[in-house]
Amino acid sequence: MLGRREQALEASREGVRLGRALVQENPDAFLPDLATSLNNLGKMLSDLGKREAALDATREAVTIRRRLARAQPDAFLSDLAISLNNLGSDSSRLGQWEAALDATYEAVDIRRQLALSRPDAFLPDLAMSLNNLGIALSDRGRLKAALHTTREAVHHYRQLALARPTPFLPDLASSLNNLGTILSALGEREAALDATREAVDILRQLVQSRPDAFLPDLASSLNNLGMDLSALEEWEAALDASREATDILRQLAQAQPDAFLPNLAASLNNLSPVLSHLGEREAALDTSREAVDIRRQLAQAHPDVFLAGLAMSLNNLGNRLNGQGEPEAALAASREAVDIYRQLAQSQPDAILPHLATTLTSLGIDFTALEEWENALDATREAIDILRPLAQAHPDAFLPRLARALWARGDALLASDQPGLAAESFAESLRATLPLLERQPHAVKDRYPTLLRRYAAACEAAGIEPAEDLAEHILATETSTEADD
């Protein structure tokens with residue numbers, strides 16, 4: 001499969017070379033064709049993971065089409081919007097978030113203008129750009145704006161699907177899937193579950209008539225359904241959804257490994273923590289190891305595309321190993337993940353630094369389990385330094401990660417007999433967690449009482465009183481525990 005795609009890429013490059021030669025002779029006649037060839041080349045390069053080259057090709061297509069649209073807007077504005085849409089996607093993949101947003105906003109503006117005059121022709125394109133804009137906003141942690149935009153995309157696709165279900169039901173399912181992801185990130189777990197369930201229901205219907213076309217999309221929505229159900233602590237239902245997704249993707253990967261092994265690895269990654277929570281720890285560990293094995297194989301062949309996924313799976317494997325009481329093996333997995341993320345962050349800092357911070361927190365926890373206090377403190381300090389500015393700019397997206405890193409640092413400080421500093425770290429973690437109790441209760445409510453107790457223990461060991469704003473929460477937790485007993 002990849003061999004054929006490389007051949008197609010060379011043919012696309014030859015088309016661009018030919019187009020450039022023709023433009024030299026007659027630019028007015030051949031500039032539109034060159035822009036189309038560059039646009040197609042950019043898409044092909046992006047699919048093969050050649051992201052910088054893809055961005056260069058798409059940028060050139062945008063430049064040409066912008067020039068053409070200024071001279072003949074009726075003829076070329078629609079083409080400009082297509083290239084801007086692709087430019088947004090290419091920029092996002094390289095972590096150039098603001099550039100991605102600028103391009104996608106411009107595509108939306110153009111298509112909104114076109115849809116006003118010719119809705120039948122351009123409303124589908126507007127809905128597509130709104131969907132992409134929602135994804136770009138979500139990637140930047142601007143979740144409320146993403147929610148508004150994605151809801152508009154769902155509204156348009158629902159309207160289109162009512163009139164013409166065959167072409168537009170798949171798009172409606174896709175936008176519902178994105179809506180569920182954004183709602184989940186905002187802590188609106190029940191609404192997220194409703195959106196994802198509707199996407200799954202639509203895709204089950206589509207799979208009955210065209211399984212080859214829609215089984216991959218069904219597996220993707222089932223994966224999201226499993227995560228939504230996990231967030232609501234409906235663990236058995238989450239396991240059913242995640243297992244069904246994995247079974248579908250295993251079947252698809254056997255027939256077309258190049259196309260579906262990456263999706264299978266992602267599904268295994270999601271299945272593992274559900275198994276772990278249900279006490280199936282050996283199965284969870286085996287599942288994480290399989291995900292790592294697949295992604296290692298993929299990354300050896302195409303590192304630009306799959307190294308980040310390998311790092312994510314290694315981090316998850318480290319978490320499973322730590323839970324199984326294998327701290328040395330957990331440390332090795334986390335260290336490898338950190339090394340990969342450091343390498344990737346050199347060229348893609350905006351995209352990779354949040355993942356590096358999450359993995360450094362895991363590495364700090366592993367060091368603490370091995371009583372390597374200084375290393376634990378170094379790792380968690382670096383994670384916190386990365387996450388503080390991110391949490392200030394995008395609290396919904398990054399406060400939970402910052403709270404976890406501060407908690408991990410507090411544990412290392414308390415275990416290394418520094419209770420005063422531990423109390424400070426726990427207190428900051430608690431204050432980061434408090435806003436989440438209202439916005440994302442399912443994400444933090446089980447951990448919050450434990451964190452309060454760790455803070456109280458650190459204060460007692462340091463011989464200090466808990467801060468006034470936190471003391472009442474400690475008292476409420478103790479009262480609740482006594483009532484439960």
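**Reading a helix and its neighbours**

Tutor: Start with a contact, meaning heavy atoms within 4.5 Å. Leaving out residues up to four places away in sequence, T287 touches L268, L271, S272 and L275. This is a predicted model: local features need pLDDT of at least 70, side-chain atom pairs count only at pLDDT 80 or more, and totals for chains, interfaces and linings use all residues. Residues are numbered from 1 along each chain as its sequence is written, and side-chain values use heavy atoms, with hydrogens and water left out.

Student: Where does T287 sit, in which helix?

Tutor: Helices are DSSP runs (H or I, at least four residues), numbered from the N terminus. T287 belongs to helix α13, residues 281–301.

Student: Is T287 buried or exposed?

Tutor: Buried means under 20% relative accessible area, exposed over 50%, partly exposed in between (1.4 Å probe, protein chains only). T287 has 9%, so it counts as buried. Other buried residues of α13 include A284, S288 and A291.

Student: What lies 2.7 Å from a polar atom of the T287 side chain?

Tutor: That's the backbone oxygen of A283.

Student: And what about A376, buried or exposed?

Tutor: Buried, with a relative accessible area of 0%. A376 is in helix α17, residues 373–393, and its C-alpha atom is 8.5 Å from that of A408, 32 residues apart along the chain.

Note on methods
Helix = DSSP H or I, 4+ residues; strand = E, 2+ residues; numbered from the N terminus. Polar contact = N/O pair within 3.5 Å; in protein donor to acceptor, adjacent residues only side chain to side chain.
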